Each structure stands twice: as structure tokens, then as C-alpha cells.
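Could you walk me through this structure in plain words? I'd like to know what sits where and what touches what.

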There are 2 protein chains.
Amino acid sequence: MVEDEKKIAESLRKGLSEQHYEVDVAYDGIAGRKLFDSNSYDLAILDINLPLLNGYELARHIRSYNEDILVIMLTAMNTTEDKIEGFEAGADDYIVKPFDFQELVVRIRALLKRLHHQPGAGTNILRVGDLIMNLDSKEVSREGRNIPLTAKEFQLLEYFIRNKNKVVSRIDIALNVWDIDFDTKTNVIDVYVNFLRKKIEKDFSSKLIYTQVGMGYVLKETP
Amino acid sequence: MVEDEKKIAESLRKGLSEQHYEVDVAYDGIAGRKLFDSNSYDLAILDINLPLLNGYELARHIRSYNEDILVIMLTAMNTTEDKIEGFEAGADDYIVKPFDFQELVVRIRALLKRLHHQPGAGTNILRVGDLIMNLDSKEVSREGRNIPLTAKEFQLLEYFIRNKNKVVSRIDIALNVWDIDFDTKTNVIDVYVNFLRKKIEKDFSSKLIYTQVGMGYVLKETP
DNA sequence: AAATCGGTTTAATTTGTTTTTAATCGGTTG
DNA sequence: CAACCGATTAAAAACAAATTAAACCGATTT
């Protein structure tokens, strides 16, 4: 928590400790930044009007180093513009003072429940944009249209989806989809990528599989 | 969105559509539940005082069926008890009417950014000043603009970044990026440094790669 | 047991991009 | 001012990927 009004800081720290949260407190922006740089936190509660470095800048600093840390802005500044700036700096929530302590606690809980929860963990469905893969029924569809795939095509696509936005090399693919070692002699992978492209891209409006010459392939949604 | 006041529902639907969100609307709790049972949504916006089935119950229904769907309560009920009940029913955010439409939009965005983001999937990112290199997606950007690099250019830049502020000799580069021994006959390195400079410095305000005559090159941020 | 079928792999060709070479230009230094 | 070092450019060579057709393989049918 970074909060320069020591009374508020202390009462919050006490309250949160009682809720079994571990809290470190800094009283100005620079001290807050130091804390974040040398520790590993789940969540940050930031005032905006802080000495030395304001809450927006501190939020941006935290965001640039770690996308996972949750950020709550806690401030008296209550115009919509302030809130928008707060969220743009990377905040996950924005609470206006004065506020009820209980509300802070439930909002913290709501955020933390998302932190270590793997989205999609319960389901056997993978998706990238409008492409949907059902791991149980082994069905794949795009724009609602069903696309029949063979076993190898399905495995390859599953590998791509599980590594979406990440360039995977032919060696990665060979190892994980074909269980073969480094073997330059074959071009099965290229052929299968071509098969997949024909089925999941041809007749559709947007590309999904991109070639990075000399590096591999990457499956990603067109923004 | 489940909202029984048709005027509000319609104006929100219109506004969100303009933000390129796809929105379905129901005007009572049971109709809302039907929508969720037969569709696959990312996010729900729920009023609390709804005919037939109230917002808390609907939120609980959604939660029991899918932990991933984000839920925003949007209601005139503004006591702390109401909020706590909303969050306990599984809400991710709670907005009190009347509210500014812009605030709703940024809060939706803040939630959605968490939805498909794999926490802990520590993104492999290197940065020097405003230059950002993503080792997973193999993307490089400066000042937010994307800069496509070829495989060798990428490897060379990665080597520079990993040795930032350090003068690296051509021999170092040859050894680490080209896997070749000291071979005066070639000038590939000079050519590639030139390629890089064209892509990451030309059209940008500051230099990054400096030549140390007789010693090598150094990548550093201009202070 | 042969023929067929779907799926997988190999091989060869075409196409496109990247990498390397080599020659020239330009500035700095002894 | 010439020798040297690096920058720049264009063209050649090398390489990587896309595409196509045909061969192969195993399961199933005839």
C-alpha cells in the first residue's frame, strides 16, 4: 500500500492484517516503487496524490514490470476523467474516498480470486477468436461452421492454440506433435500447416497462422 | 446484459455496440438465464432489481455454471450491504447508478484484460528505453510501433540488448550470433548493424546503437 | 487375400525471402 | 593526402517455405 496520510495508512494496514493479508506500507511514490522493485506482491493499493511520484506513474511502473500484479486506486479524486486515467495507467479497480472498509475488502477478494484462477480450467474447450476447439468431442469450428480435422491436424492445431501468440519452431512442433527428434530431412510439418491453413483459413475472412521465416509459425488472432 | 428498464438497456446496448462489443439483452431474470444457458459469453452486466429472478440469484446461477464469465452489477442499490451481497454472489465489479457511461467502458476493459490473460505466464520481454522485444512472439516495437525483424536481425538485436551499455566487438558478435570464428574477410556484421539501424533508429527520435571505432558497437539508451 | 479407403509421409517443384558478398562511398586520423 | 575503418548499396547466392502430386501404410471391406 502506498498512502501518504499516515492515519489512513495505519488503519487500513491494521484492518487488512486482521483479514489475514500481509501488508507493506510506503508513504511516498519513490518509497513505494522501491518496495515493488525489491519484493513480489499480489496486489497494490495506491493513492494518487503522493509525494515524489504520483499514483498514476507508480501504476504504470508496476504494469511495465509485471502485468499480473493487481492494482487498486484509492483516492479522493472522483471525476470520471480521474477514473479513466487511473484505469489507463493499468488499474484493476478504482475506489473513491471516503469508502467503507468492508467494500475495500470484498473488492480485494473479488480481484484476488481472479489472480491464481486459470481461466478455462474447468472446461475442455480452447478458443482463439472465433475458432473453437472441443477437446472432448474433438470438434473444431470457426464462425460457427464445423471443420472436420484428422487426428494429426487436430493435434497440431491444439499445439498451436496452447501456444497462441508464441512463435513455435519446427523443432518444437516435431518434438511435441510428432515425437520425433531434430530431423531436417522431413517436411511433414510444412505440409500439415498447409493442410490446416486450407481448412481453417481458406473460406474465412482472417488469417490465423503466420509464418516467421527462419523462426517458425505463430497462431494469433488478427486484432 | 440483463436490465428491465428498456430505455437504459437500449442506450447501453447502443453505446457498447459503438465500442465494438457484441451485446445481447434480456429484460427479466429468467430470460437472462436462458440467454446464458444457451450462449457463450465473456461478460455479464446485471441489474439487481429484476422481474422473475433477481440479479443476485442470476449471478449465482452464472457462477455455478461458469467461473470464467465476468459479472458486473449495475444497480441503484448503493449500501455497503448491497455491494457485499453482490460480490458474494460472485460479481467482479459493482457500479452504482447513476454512473458515467465512460466509466462502465473502462471498467469492462479492465476486467476483460484479465479474462484471457494467463496469470504467471511470465511474458519474456526485454526492454531498453522505449524499445521492447518480446521473446515469445518475436515481436519488437519502439514507441508502441511494431517493427518486423528477420531472424538474424532479431538475434543480433537480442544480443545487443542482453549486453546493453557494454561495447561488444565484432568477434563477440560473430561468435555469439553467427557461430563463426574470427573471419576478417566478411562484413556481414556491419551490414546487419546497418539493417538494424534503419529499422530501429531511422524514423525515431533517438539513437540506440553507437559505434566505438576500433572496438565494436554498444547499444544504449540516450539519457 | 486382394482391393479400397482415409490418412500420413515423402519427394519434387515453384515461389518468395533472407543472408551474404562485394564494390563503392565517406569520413577520420596519422 | 593517403591509409584505414566503417557505412551504404545493389546484386548474387543461399535458404526457407508453399504447393502439388504421388507413394506409402494400416485398417477395413470385399
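Around DNA strand C, the nearby residues split into 7 nonpolar, 7 polar and 4 charged. Here Ala, Val, Leu, Ile, Met, Phe, Trp, Tyr, Cys and Pro count as nonpolar, Asp, Glu, Lys and Arg as charged, and the others, Gly among them, as polar. "Near" means that a residue's C-beta atom, placed from the backbone, lies within 6 Å of the strand. Of the 18 residues around DNA strand C, the nearest are A:Thr150, A:Thr186, B:Thr150, B:Lys152 and B:Thr186. Both α6 (151-162) and α8 (188-200) of chain A, and α6 (151-162) and α8 (188-200) of chain B, each supply at least two residues of this surface.

A quick word on what you're looking at: this is a predicted model, where local features need pLDDT of at least 70, side-chain atom pairs count only at pLDDT 80 or more, and totals for chains, interfaces and linings use all residues. Residues are numbered from 1 along each chain as its sequence is written, while chains are lettered from A and ligands numbered from 1 in the order in which they are written. Helices (H or I, at least four residues) and strands (E, at least two) are DSSP runs, numbered from the N terminus.

Now for DNA strand D. It is surrounded by 18 residues, and the closest are A:Asn194, A:Thr211, B:Val191, B:Asn194 and B:Thr211. The elements giving two or more residues to this surface are α8 of chain A and α8 of chain B. By class, the surface has 6 nonpolar, 8 polar and 4 charged residues.

Next, see how the two protein chains meet. Their contact takes 29 residues from chain A and 25 residues from chain B, where two residues are in contact if their C-beta atoms, placed from the backbone, lie within 7 Å. On the chain A side, α5(A) gives the largest share, 7 residues. That side has 11 nonpolar, 9 polar and 9 charged residues.

B:Glu103 shows this meeting up close. This residue sits in helix α5 (residues 101-115) of chain B and touches A:Thr80 and A:Lys83, not counting residues up to four places away in sequence. B:Glu103 has 15 C-beta neighbours inside 10 Å, so it counts as partly exposed. For the cut-offs, a residue is buried with 20 or more other C-beta atoms within 10 Å of its own, exposed with 12 or fewer, and partly exposed in between; C-beta atoms are placed from the backbone.

What about buried residues? In helix α4 (residues 80-88) of chain B, B:Lys83, B:Gly86 and B:Phe87 are buried. Seen down the axis of α4(B), they fall within an arc of 95° (taken from the directions from the helix axis to the C-beta atoms), so they line one face of the helix. Their cover includes α5 (101-115) of chain A, plus α3 (55-65), β2 (70-75) and β3 (93-96) of chain B.

Finally, the strands. In chain A, 3 strands form an open, parallel sheet in the order β1-β2-β3; strands pair if DSSP finds at least two bridges between them. Because β1 (43-46) and β3 (93-96) of chain A stand at the edges with a single partner strand each, one side of each has no neighbour in the sheet. Within the sheet, A:Leu46 stands opposite A:Met73 in β2(A). Over in chain B, 4 bridges join the antiparallel strands β4 (residues 125-128) and β5 (residues 131-134).
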